[in-house]
Amino acid sequence: MKAVTFQGLHQPLLLEDVPDPTPAEGELVVEVGRCGICGSDLHMTEDAAYGCQHGDILGHEFAGEVVALGKGTLGHKMGDLVSVIPLKSCGACEPCRKGAVQWCEQFGLQGGGYAQYAVTRPNQCVPLPSDLTLADGAIIEPLAVALHGINLSGMKTGDTVLVLGAGPIGLAVAFWAKRLGARRVAVQDITAFQEARALDMGADVFVVDPENPVESAKQGLGGEADVVFECVGVPGLIDQAVQQVRPDGTIVLLGLCTKPDTLNTFAMLSKQVKLVTSAFFTVPEYEAALAALDAGAIAPRLMVTDTISLAETPGIFESLKQRTQQCKVLIAP
């Protein structure tokens, strides 16, 4: 099969021929229909902390058709269209039974979407309703990540929300915050590339002011935020968020930052700020994201700005490491 593979840190990905995957007992093979390029994929090729190895196939936001079943594989049949939950798990332990698969002892990140075929497990495959497309199936994962952050934040109806970062996760947070009752939602970034998209997805105001981000956000919201979502993952933004959140407010970390950061704990204690970290999502949240699309939500689909082939992937992938007007790029193998 054709696949786009990791060659090494700071090196472009490579399109090459690799063996077709064969499902082991209890596994299945999905013919990938759509796979999203995630910001964490970009970081994986630049930061040794992620542990990528030569030949790895990235891509964890994908959907497709079941085309092969291993011995004893139950729950799905050939031809089923599924969205793949990219969290490997046993499916039987207590965390798995509760849907909190990220705490399973067999947990791992499912990759393989930058290819024509990928092997996975039946407990990771969520059937796609007939009204949803494979492109819909490929955007459920970032929607679930954002919803998990919202749920952990304790956001209430009528709260004001500030989202730092207008990437797919930040935009998905804005969508959920408005959908779940936030009174006012501001999205803040250092460029205006995604302003129109953010407003269409639920933001009431878009703030761009790298020179004075704190005061500009306060003006946009009409004061300090009840909840601030940090969706970028760069040092210094937690400290900025502390200045932007109200006393006794909440900051939720969704951005992946692999570099050390310095916290002004005095400022945090003075305002009694709650700092919450958000890791992945639960299966019910994944299903809730799918249900929102199935119920007719249009806004999340606005994240998709381009659909490309596997052959185009290495070049487009490199271009996404710089700020562009792209948002969510899907690969159609």
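**The parallel sheet and its packing**

Reply: Strand 10 (residues 160–164) and strand 11 (residues 184–189) run parallel and are joined by five bridges. Strands here are DSSP runs of E with at least two residues, helices are runs of H or I with at least four, and both are numbered from the N terminus. Two strands count as paired if DSSP finds at least two bridges between them.

The model is predicted, so local features need pLDDT of at least 70 and side-chain atom pairs count only at pLDDT 80 or more, while totals for chains, interfaces and linings use all residues. Residues are numbered from 1 along each chain as its sequence is written, and side-chain values use heavy atoms, with hydrogens and water left out.

Within this pair of strands, Val163 stands opposite Val187 of strand 11. Both strands belong to an open sheet of six, in the order 12-11-10-13-14-15, with parallel pairing. Its edges are strand 12 (205–208) and strand 15 (274–277), each of which pairs on one side only. On average, neighbouring strands are turned by 20 degrees against each other, direction ignored. Axes are lines fitted to C-alpha atoms, for helices over the stretch in contact, and angles between N-to-C directions run from 0 to 180 degrees.

Two helices lie across this sheet. Helix 4 (residues 140–153) lies across strand 13 (225–230), strand 14 (245–253) and strand 15, at about 145 degrees to strand 13.

The largest nonpolar core has 54 residues, and Leu143, Val161, Val173, Trp176, Val187 and Phe229 have the most contacts inside it. At least two residues of this core come from each of helix 4, strand 10, helix 5, strand 11, strand 13 and helix 10 (283–294). A nonpolar core is a set of buried Ala, Val, Leu, Ile, Met, Phe, Trp, Tyr and Cys residues joined through side-chain atoms within 4.5 Å. Buried means under 20% relative accessible area, exposed over 50%, and partly exposed in between (1.4 Å probe, protein chains only).

Val187 has its own set of contacts (heavy atoms within 4.5 Å). Leaving aside neighbours within four places in sequence, Val187 touches Val163, Gly165, Ala166, Ala174, Ala198, Ala203, Val205, Phe206 and Val207.

Helix 8 (residues 237–244) is largely enclosed by the rest of the structure, because six of its eight residues are buried. These are Leu237, Ile238, Gln240, Ala241, Val242 and Gln244.
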